[in-house]
Amino acid sequence: IAVITRCRADSLAATLRSFQKLTMPQSVRVHYLVVDNDAVQSALPIVQALKEETRLDIEYALQEIPGIPHARNKVLEQAASSDYIAFIDDDDTADPGWLTGLYETARAYSADIVKGHITYTFPAHKAHLAALDVFTDMPVPTGTELDSAWSNNVLFSTKIYKESGLRFDPVFSGTGGSDHHFFRQARQNGAKIVMCREAIV
């Protein structure tokens with residue numbers, strides 16, 4: 001399970017705490033990774049404190065090069081020995097069945113990539129954002145094939161990049177969208193992407 005963060009101490013702590021309540025898929029060993037995209041390592045004290053508080057084995061890694069594609073590629077490097085990577089954002093919290101939902105859907109549908117469901121909560125002064133299309137999740141059932149996915153709630157097999165050399169493109173550092181591009185490229189390389197409505201963040 002990978003979390004990329006930059007200067008979001010409070011929300012990162014909430015994300016990591018939510019992992020304590022996860023139900024684990026059978027016969028699966030889970031590793032936790034936080035990649036800090038802040039050169040001054042602002043997330044390190046949070047990770048150290050949460051390791052102590054939660055007793056979760058959380059690995060901390062630093063990516064000093066600014067830009068989320070670089071941080072995402074750091075995850076690919078750090079997690080290359082794993083079979084799957086699950087991404088969640090540092091302002092998300094995972095429902096207890098999140099990881100099991102993603103993993104079991106991948107197995108049930110022989111999917112290389114599984115996109116989970118997202119629900120949004122906005123503070124009162126930003127309630128108007130709820131009307132934007134970008135915050136409307138795909139109203140499709142579990143198992144529906146998709147053309148792409150995003151890293152705010154996704155599980156994918158590491159073979160999609162180990163076999164092809166696929167990486168998150170740094171050209172998107174200033175604009176966003178490297179995750180959509182990455183998973184769309186994987187799809188074009190033959191990867192199967194499906195939806196899982198039971199995997200909620």
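Is Cys196 buried or exposed? Cys196 counts as buried, because its relative accessibility is 0%. Buried means under 20% relative accessible area, exposed over 50%, and partly exposed in between (1.4 Å probe, protein chains only).

1. **Basis.** This is a predicted model: local features need pLDDT of at least 70, side-chain atom pairs count only at pLDDT 80 or more, and totals for chains, interfaces and linings use all residues. Residues are numbered from 1 along each chain as its sequence is written, and side-chain values use heavy atoms, with hydrogens and water left out.

2. **Elements.** The chain has 6 helices and 7 strands. Their order along the sequence is β-α-β-α-β-α-β-α-β-β-α-α-β. Helices (H or I, at least four residues) and strands (E, at least two) are DSSP runs, numbered from the N terminus.

3. **Overall size.** The C-alpha trace spans about 40 × 40 × 40 Å along its principal axes.

4. **Burial and contacts.** Of the 201 residues, 45% count as buried. Take the contacts between residues at least 6 apart in sequence: 79% of them join residues at least 24 apart. Contact means heavy atoms within 4.5 Å.

5. **Charge.** There are 19 positive and 25 negative side chains. The centres of the two sets lie 2 Å apart. Lys and Arg count as positive and Asp and Glu as negative; His and the chain ends are not counted. Each charge is placed at NZ of Lys, CZ of Arg, CG of Asp or CD of Glu.

6. **Cysteines.** Cys7 counts as exposed, because its relative accessibility is 53%. Cys196, at 0%, is buried. The disulfide count is 0, where a disulfide is a pair of cysteine sulfur atoms within 2.5 Å.

7. **A buried arginine.** Arg72 is found in helix α3 (residues 68–78). Arg72 is buried, since its relative accessible area is 6%. Leaving aside neighbours within four places in sequence, Arg72 contacts Ile4, Phe87, Ser151, Phe168, Ser178 and Asp179.

8. **Positive phi.** Ser27 is not a glycine, yet has a positive phi of about 60 degrees. Ser27 sits in the loop between α1 (9–18) and β2 (32–36) and is exposed, at 83% relative accessible area. Gln41 also has a positive phi of about 60 degrees without being a glycine. Gln41 lies in the loop between β2 and α2 (44–54) and is partly exposed, at 32%.
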